[in-house]
Structure formats: structure tokens, C-alpha cells
Amino acid sequence: MIRDSAAARRDVLSPDAKVGPEAGVRRSHADVKPSEAGRGTSRARLANVTPRMLRDIWMYTGRFLGLRRRRLLLEPPLALLIAIIETLQLLLVLRLLLLLVGGEASVKISFAGLSVEAGFISLASVAGALTFVNLGFRVLESRLVGGLAAEATSHARNMLFESYFAADWQQLQSERLGRLQQLLGVNAQQATTPVITFCTMSLACITLALYGIVIAVMAPVVGLTFLALAIGVTLLLRPLRGKSKRGARQASASLRELQVTATTYAQLNRELHVFAAHHAATRHLEQLNGTISEQFRQVRTNARLIPALFQQMLLSGVLFIVFVSWVLDLDASALGAAAVLALRSMSYVQQVNTATLQFIEAKPFLSELTHAIDTQRSARRRTGDEPLAHVDELQLDGVTFTYADGREALRTVSLRLRRGEWIGVIGPSGGGKTTLANLLVGLLTPTSGSYLVNARPATDYRSSDWKSRFAILSQEPVLLRATVAENIEFHRSADANAVRGAAERASVLDDITRQPYGFETLVGDGFGALSGGQRQRVALARALLTDPDVLILDEPTSALDLVNSSAVEAALQKLSSDTIVVVVSHRRNLLSRCNRFIRLEQGVVVAEGSALQVGLDELVGGDEEAGPA
Ligand code: ADP
Ligand code: MG
């Protein structure tokens, strides 16, 4: 807890501190990586789609959909069907309009050497029927995209759960508070973007290609004019697009940083007020927000302006074609159809644009998400498959433990504990007691030296066996927002009798049965049914549920008042004489059953033996005192 807020404060004190995998995102507007700035200028690209972006989109859909990505391949054929139907619909409507204008009764349609004579009614019925067919396919397509998008987010969240809760505890400890929540919310939500971008782009590009073919066949002049126009306009608008793209990338990166900073400040709310730093914090956030707002202003302005410019330029193109055909007296119906398709294609170009911009905005969130998942996965706890029926002996051999930040918390500690032994661990704050406790319970692995259980390396054992043989009770009992029974059971399957037995051994049974709902009473964050001492004994019952062979007590009573700590102490006196108990404490009563002591100072065992040999009296207060400093 202390460490977490220290780390958080470091982030706050140095606003330039690198945060997360995308460290260094705090760039000003003009300050863009040369590689990014150069990327847009190498080739003219329609709508800023780059091969690299396509690769990224495909890669992310794979990350978030796994094998289900195969279903994405249904999108292109569906898109082709929709595009064909839509083209037919547009052409039919045009024919109908021409019939109406010309006042004729029927029209001769020739295609691929076949020619059919069709009346107004039959043409109109076909057009009407096509509407239903198109709608049908649209419903199918929307369901496909919606379903896959939802799956991407849900799979991203599941990967987060799975990787976080399988990760090494040491790795988790170095995580920022609230980071998992942020990843589950904002970042996981963005997992839909690559899926949607892929589908939108498929549909738009396939439709555009089909329109292109039809226009080229019907009126090559129109096709060529539009192609020339489209390329010209794209080239003209390229600088604007490039700016949008960079702006979008920067704005997302800044937004991510704002979220991280705001979360940190929110966690430090109390300190900020006590140290009167909240004004500075607010100003810092406002400044970050201002930067984002400036970046987004550009992006949003361009996002509206570019399509409008595009549209106007293409409309002038149509005007030009109409003028040319009037001068040259060309076939009006084919020209008209081609022009309508060309105009219609604009909305698809726009869709591609919007989709790419969205993907660019989502990318920093996605790379943070996948980076977090990969980091946690690579820090998976090491376990073996050796069964562990009973712990007879624990042995630390020259164990040194160094935290990720280089701090050496334990140095060449050697210790041997046999069945039924109670060992007291004393020493000043920061001496390494908690580190030792975490090591013994298997949360940390020695940096060097060895930890043997029954003369085998601790990591050889099967994790399920290990967990039922070891238990820890720490200073702050944290209860789930659930019933008392569920808190004792703690997701391990145990029947009501076992839960009751554990509560009895932890001397909390009477306290529970006195509650109006007994074991069904809701406790945890937001429910104030239990006192501190009762909560600690519920936590003890949780620890005792599996009848562990090793129980580590890390200052379990130091946050409690005298009455409450006596209740916990009394409960501990009832432990089976077979248990190995490690007691880290400053309370004489709690230490009274220990037959051996070690004294840890700056990570080193400076004394070992009886109470007298380790100088218990000078370090441990009487029980009338409050907890330690
Ligand atoms: P104690 O429980 O005796 O007060 P700890 O085992 O908590 O001592 O800490 C021992 C040393 O390791 C201290 O210097 C502390 O600052 C450092 N430390 C504890 N936890 C971490 C951590 N997660 N990362 C880095 N250093 C840590
Ligand atoms: Mg401690």
C-alpha cells in the first residue's frame, strides 16, 4: 500500500515521468517523430491507407478475436453481394426515372449479348424486390460485424483477467493502482475498432471497385475524368489529411496520459488536500486537457472539412462532364448513370476515411492493451507438478531478494523451520519482514539462494496443493463484497460445515451468528457490519479453511485496538500444534507462543535465538500500547 502510493507520487511529482508502454507520448504539436512525419510523404495514397495500417488492423483483429477471426472472412463476399445488389438498384432507379422523363412504355436492356424488353411495372417490381434482398444482406452483415466487435472486447477483457490473475505477484505489485480498471474500460472498448475498421473498409473498397468497373464499361470518359479528379483532389487534400492523422495520433496519446494522470491524482486526493497541492494538480490536468482539445480541434475540423471539399470538387467534375457531353452530343443515359455512381462512391471514400481515422485514434489504446497482456503473461507464476501432501520443513538457504527497482530487501537469509515451530520475526520498519513473509508464502521467488520445502525447490510443487498448504494473514484484512460465508470460502469449494468449522477455529463464530443474517450477512467495501477485529478473524477463518500447514502472520493485529487484537490473539492460540507459524509482530502477546526469534535489519538477520538473544524487549512494546509506528 505504502509502496503503491509512493510510486504514484513519483508519477505526480514528475509530470514528465514516463507512463506505460507508450512512454514519451507527451509530445507537443510540432514535435512529431521524424518517422511519423515522413510516412505520409512517400507516396500518394487514397484516404491515407497505408500497407502498414492494413497489417496492423489484421494483426489486432487476430489478437482480439483469436481463431474466431476466420469469421471476418465472411465480410468480403457479403460486401460483394451487397455492392452488386446496390449497383443494380441504382441503375434500375435511373432507368425508371429516364422512362418517366421520356414518357416511353418500355425499355430494352441489353447485357452480355442478351437483350430484354421490360415495362415500367416489371422494372419497378424488380427494384422493389431488390430492396428487400439488400436489406436482408445488410441485416446479416450488421449482425456479423456487431457480433464480432462485441466478441473482440469481451475476449480482450478475458485475456486481461486471465493474464493478470495468473501473473507473478511481484509483477502485479509494480502495477499502477487502478490500471486494470482503466484497461478493462477505455482500452478494451477500443478492441472493437480494428474489427469495425476492417469491415467498413472491405465494404467500401469492394463497392468502390465495382462502381469503378461499371463506370468504366458504361462510360469510359466519365470513369477517366473521375479517376483523374479523384487522384487530383486526393493529392490536393493530402497535407490536410496528413495533419489530421498526426493530430489524431497525438490526441489519443495525450488523452491516455490525461487519464493516467487524473487516476493518479484521484488516488492521492487526500494527500493533495493535506499538502495543498490540489490547485497545482488541477492546473496540470487543465493544461493537459488544453493540449488535447487543441489537437482534437484540428482533427475534428478537418474531418468535417475534407469530405465537403471532396464533394464540391467532384460535383464540379460532374458539371464538367455534363458540359462536355452537351458540346459533343454524347449518350445522356449512360453518362447520367455513370455520374450518379461516381457521386455515390464519394460516401464510400468518406467511410474509408472515417474508419482509418478511428483506427489511428484507437491504436495507442490497443498497443497499451496488448502490451499489458503480454507483460502479465510473460510474468506468469512458475510452478511445477509435484504433489504436496504435507509440509514438514521449510528451508531458506542464502536467500537474497531484490525488488524490480534494484532495492535489496533481503540479503543472504538462511532459516530452517520444522513442523509445529513458531518463529517470531522482529525488526524495524523497512527491515524486510513483509518481504520475508511474502517469500515464505510463495508470492515472491528468491533472486538468489534457494527456498526448499520438504527438501525440494518450492517452485516444483503443484500450485493447487501449495495453496491449500500455505496461508497468510496480513495487516489489512480485505473482504470481498459478498456474504461472510463467501468470504471464508473464497472461491474454493467448501461446504457449510467446513466454513462453520473455520469460523469456529478463528474464534469468530459467535460474532457471525449474532449478526441478523448470520453467515449470509453482506460484508466488504460499503457494508459496515463487522468491526476491524471481526473482519480480521473472518480473514483468519479464510486462512484456516484448508487447515494449512504453514501460517504466516504479517502484523495481523497492528492495525487493531487492544480489545480487537486480543480476540485475534486468542484465536491464534487455538492453532494446531502441528502448524508452522511465522509471526511478524510488535505485540508481545502475539509473540508469546514463539520458541525462536529472528531479528531483521536492513534485510539482514542480525540476531537469532531466544527472546533475550534478539533483544525482544527493546523492540516490542507492551500490549497496553497502540500499534507500532
Ligand atoms: P518491513 O515489512 O520490515 O517493514 P518490507 O519487507 O516491507 O519491510 O520492506 C523492505 C524493503 O524493501 C524496504 O526498504 C522497502 O522500501 C522495500 N520494498 C518493499 N516493497 C517493495 C516493492 N514492492 N518494490 C520496491 N521496494 C520495496
Ligand atoms: Mg511490513
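1. Let's start with Gly-147, which sits in helix 5; helices here are DSSP runs of H or I with at least four residues, numbered from the N terminus. Gly-147 is partly exposed because its relative accessible area is 32%, and the label covers values between buried (under 20%) and exposed (over 50%), using a 1.4 Å probe and protein chains only. Gly-147 and Thr-192 are 45 residues apart in sequence, yet 10.0 Å apart in space, C-alpha to C-alpha.

2. A quick word on where this comes from: the model is predicted, so local features need pLDDT of at least 70 and side-chain atom pairs count only at pLDDT 80 or more, while totals for chains, interfaces and linings use all residues. Residues are numbered from 1 along each chain as its sequence is written, and side-chain values use heavy atoms, with hydrogens and water left out.

3. Is Thr-153 buried or exposed? Thr-153 counts as buried because its relative accessibility is 6%. Thr-153 also lies in helix 5. Leaving aside neighbours within four places in sequence, Thr-153 is in contact (heavy atoms within 4.5 Å) with Ala-188, Gln-189, Ala-191 and Thr-192.

4. Leu-97 is in helix 4 and counts as partly exposed because its relative accessibility is 45%.

Key:
Chains lettered and ligands numbered in written order. Helix = DSSP H or I, 4+ residues; strand = E, 2+ residues; numbered from the N terminus.
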